[in-house]
Amino acid sequence: MRQALDCAAGASASGDVPIGAVVLDADGQVIGTGVNVRERDADPTGHAEVVALRQAAAARGEWRLDGCTLVVTLEPCTMCAGAIVLSRVARLVFGAYDEKAGAVGSLWDVVRDRRLNHRPEVIGGVLADESAALLEAFFAEHR
């Protein structure tokens, strides 16, 4: 989570919301990192999780990320939760909860939906205060 927080801290320089993500393989090696790039790239899918998952898939040479862990500083949204399920990530670890758009228990619970063919293990609230502080500082500057 500390590495994801470091990634997030660098994201706000481009005007993007400071969210960071890291993908670890089964051996704990980092195979993907990501930050929000929606503003920088004018890309509505440029969320930190999607960027990190794409990088991890490229590193592995396949879209299935079996055995991998995604660590992200904020509870994933619906799009990112869907990408997590579809990529077959084994474990999701996230920091702050997102009461407005979170899709891993706060507003929806996409990753635990029994109708889907894959459900990752979920560990939420890891270094949540530090993750939330980054976001609060960013939005305080932009209001």
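Student: What covers the buried residues of H4?

Tutor: Helix H3 (48-60), strand E3 (69-74) and strand E4 (91-96) are among the elements that cover them. Contact means heavy atoms within 4.5 Å. Helices (H or I, at least four residues) and strands (E, at least two) are DSSP runs, numbered from the N terminus. The model is predicted, with local features needing pLDDT of at least 70 and side-chain atom pairs pLDDT 80 or more, while totals for chains, interfaces and linings use all residues. Residues are numbered from 1 along each chain as its sequence is written, and side-chain values use heavy atoms, leaving out hydrogens and water.

Student: Which residues of H4 are buried?

Tutor: Buried means under 20% relative accessible area, exposed over 50%, and partly exposed in between (1.4 Å probe, protein chains only). In H4, which runs over residues 78-86, the buried residues are Cys80, Ala81, Gly82, Ile84 and Val85. Just after this helix, arginine 88 takes a positive phi of about 65°. Arginine 88 belongs to the loop between H4 and E4.

Student: Where else does a residue other than glycine have a positive phi?

Tutor: Look at alanine 42, with a phi near 50°. Alanine 42 sits in the loop between helix H2 (38-41) and H3. With 68% relative accessibility, alanine 42 counts as exposed.

Student: Let me step back. How many helices and strands does the protein have?

Tutor: There are five helices and five strands. Following the sequence, their order is α-β-β-α-α-β-α-β-β-α.

Student: How does the radius of gyration compare with that of a compact globule?

Tutor: The radius is taken over C-alpha atoms, and the globule rule is 2.2 Å times the number of residues to the power 0.38. For 143 residues, a compact globule would come near 15 Å; the protein has 14 Å, so the two agree. Its C-alpha trace spans about 40 × 30 × 25 Å along the principal axes.

Student: What share of the residues is buried, and what share of contacts joins residues at least 24 apart?

Tutor: Of the 143 residues, 45% count as buried. As for contacts between residues at least 6 apart in sequence, 55% join residues at least 24 apart.

Student: What does threonine 73 touch?

Tutor: First find threonine 73 in strand E3, one of the elements that cover the buried residues of H4. Threonine 73 has a relative accessible area of 2%, so it is buried. Leaving out residues up to four places away in sequence, threonine 73 touches Met1, Ala4, Leu5, Ala8, Pro18, Ile19, Gly20, Gly95, Ala96 and Ser131. For a sense of distance, threonine 73 and arginine 112 are 39 residues apart in sequence and 19 Å apart in space, C-alpha to C-alpha.

Student: How many aromatic pairs are there in the whole structure?

Tutor: Rings of Phe, Tyr and Trp (its six-membered ring) pair if their centres lie within 6.5 Å; planes under 30 degrees apart count as stacked, over 60 as edge-to-face and the rest as tilted. A search of the whole structure finds two pairs. In one, the ring centres of phenylalanine 94 and tyrosine 97 are 4.9 Å apart and the planes meet at 80°, so the pair is edge-to-face. Phenylalanine 94 is buried at 1% relative accessible area, whereas tyrosine 97, at 45%, is partly exposed. Phenylalanine 138 and phenylalanine 139 also form an edge-to-face pair, 5.1 Å centre to centre with 80° between the planes. Here phenylalanine 138 is buried at 7% relative accessibility, and phenylalanine 139 is partly exposed at 30%.

Student: Which residues are in contact with valine 17?

Tutor: Beyond its neighbours within four places in sequence, valine 17 is in contact with Ala11, Asn36, Leu135, Phe138 and Phe139. Valine 17 is found in the loop between helix H1 (2-11) and strand E1 (20-24), and at 16% relative accessible area it is buried.
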